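I opened this notebook to record what I looked up in one structure.

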Amino acid sequence: MNKKVYDLLREKFVGIIKGSNLESGEVMIQAATLSAEEAIGNPEERDYPLITGRERMMQAEFNGCFGQAFTDMYGNYSIRLSDIADMELVNNFRRAVFISSLNAVTRYLSLTGKTRHCKDNQPKQCSLELVKYIRNEYGNPRIAIIGFQPRMIEALSQSFDLRAT
């Protein structure tokens, strides 16, 4: 049986929660929708989907650590950490709550970093670093990007065979 990506993520998330003794019923996640400026700042380029599109950034906070996720279904939410693992991921809102919460918790546990979107002119610099990283780690691969990441598409398309959807 093939497992779906979200099922695998949920399994890992449950393992992280239990392994870190965070399953107590009172641990809360607060999720809120960010404005475009809160999410990405004021970059010179104005073609980011957060600025021009209908998507927004959901941000979850867990013990002072933040995680984010893009979504087209957004709103504010408060949920116990133990309930996130059982939540049915039936729509983009619930998936955004799950992913942003996963990011916040793993950031809190120092399992990951960079769980917030770059701001202002950082996306341009990040994209240049991404080109260097891919070149060093993978040589000259073909790349597919799902979603519109304008600065990444610009930088990667100058160095690699790139397809974007």
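**Entry 1. Ground rules.** I noted that this is a predicted model, in which local features need pLDDT of at least 70 and side-chain atom pairs count only at pLDDT 80 or more, while totals for chains, interfaces and linings use all residues. Residues are numbered from 1 along each chain as its sequence is written, and side-chain values use heavy atoms, with hydrogens and water left out.

**Entry 2. Helix H5.** I took helices (H or I, at least four residues) and strands (E, at least two) as DSSP runs, numbered from the N terminus. The 17 residues of H5 should span 24 Å, and the end C-alpha atoms are 24 Å apart, so the two agree.

I then looked at both ends of H5. Just after H5, Ser110 takes a positive phi of about 60 degrees.

Which residues of H5 are buried? For this I used relative accessible area: under 20% is buried, over 50% is exposed and in between is partly exposed (1.4 Å probe, protein chains only). The buried residues of H5 include Phe93, Ala96, Val97, Phe98, Leu102 and Val105.

**Entry 3. Gln68.** I found Gln68 in strand E3. Gln68 counts as buried because its relative accessibility is 9%. Its side chain makes a polar contact with the side chain of Gln59 at 2.8 Å. A polar contact is a pair of N or O atoms within 3.5 Å; within protein, one must be able to donate a hydrogen and the other to accept it, and residues adjacent in sequence count only if both atoms are side-chain atoms. Leaving aside neighbours within four places in sequence, Gln68 is in contact with residues including Leu34, Met57, Ile99, Asn103 and His117.

**Entry 4. Salt bridges.** Side chains of opposite charge can pair when their charged atoms come close. My rule was a side-chain nitrogen of Lys or Arg within 4 Å of a carboxyl oxygen of Asp or Glu. By this rule I counted six salt bridges.

One of them joins the side chains of Glu45 and Lys124 (2.9 Å, N to O). Glu45 lies in the loop between helix H2 (36–40) and helix H3 (49–52) and Lys124 in helix H6 (residues 122–138), so the pair ties together parts that are 79 residues apart in sequence. Lys124 is partly exposed, at 38% relative accessibility.

Asp83 and Arg80 also meet in a salt bridge (3.1 Å, N to O). Asp83 is partly exposed at 28%, and Arg80 is partly exposed at 34%.

I next looked up Arg151 and Glu154, whose side chains meet in a salt bridge (2.8 Å, N to O). Both lie in helix H7 (residues 150–157), three residues apart, about one turn of the helix. Is Arg151 buried or exposed? Arg151 is buried, with a relative accessible area of 3%, whereas Glu154 is partly exposed at 39%. Salt bridges that share partners join Asp47, Arg151 and Glu154 into one network.

**Entry 5. Rings.** I paired rings of Phe, Tyr and Trp (its six-membered ring) if their centres lie within 6.5 Å; planes under 30 degrees apart count as stacked, over 60 as edge-to-face and the rest as tilted. The count came to four aromatic pairs. Among them, Phe13 and Phe98 are edge-to-face, 5.5 Å centre to centre with 85 degrees between the planes. This pair links distant parts of the chain, with Phe13 in helix H1 and Phe98 in helix H5, 85 residues apart. Phe13 is buried at 0% relative accessibility, and Phe98 is buried at 0%.

Key. Expected span 1.5 Å × (residues − 1). Contact = heavy atoms within 4.5 Å.
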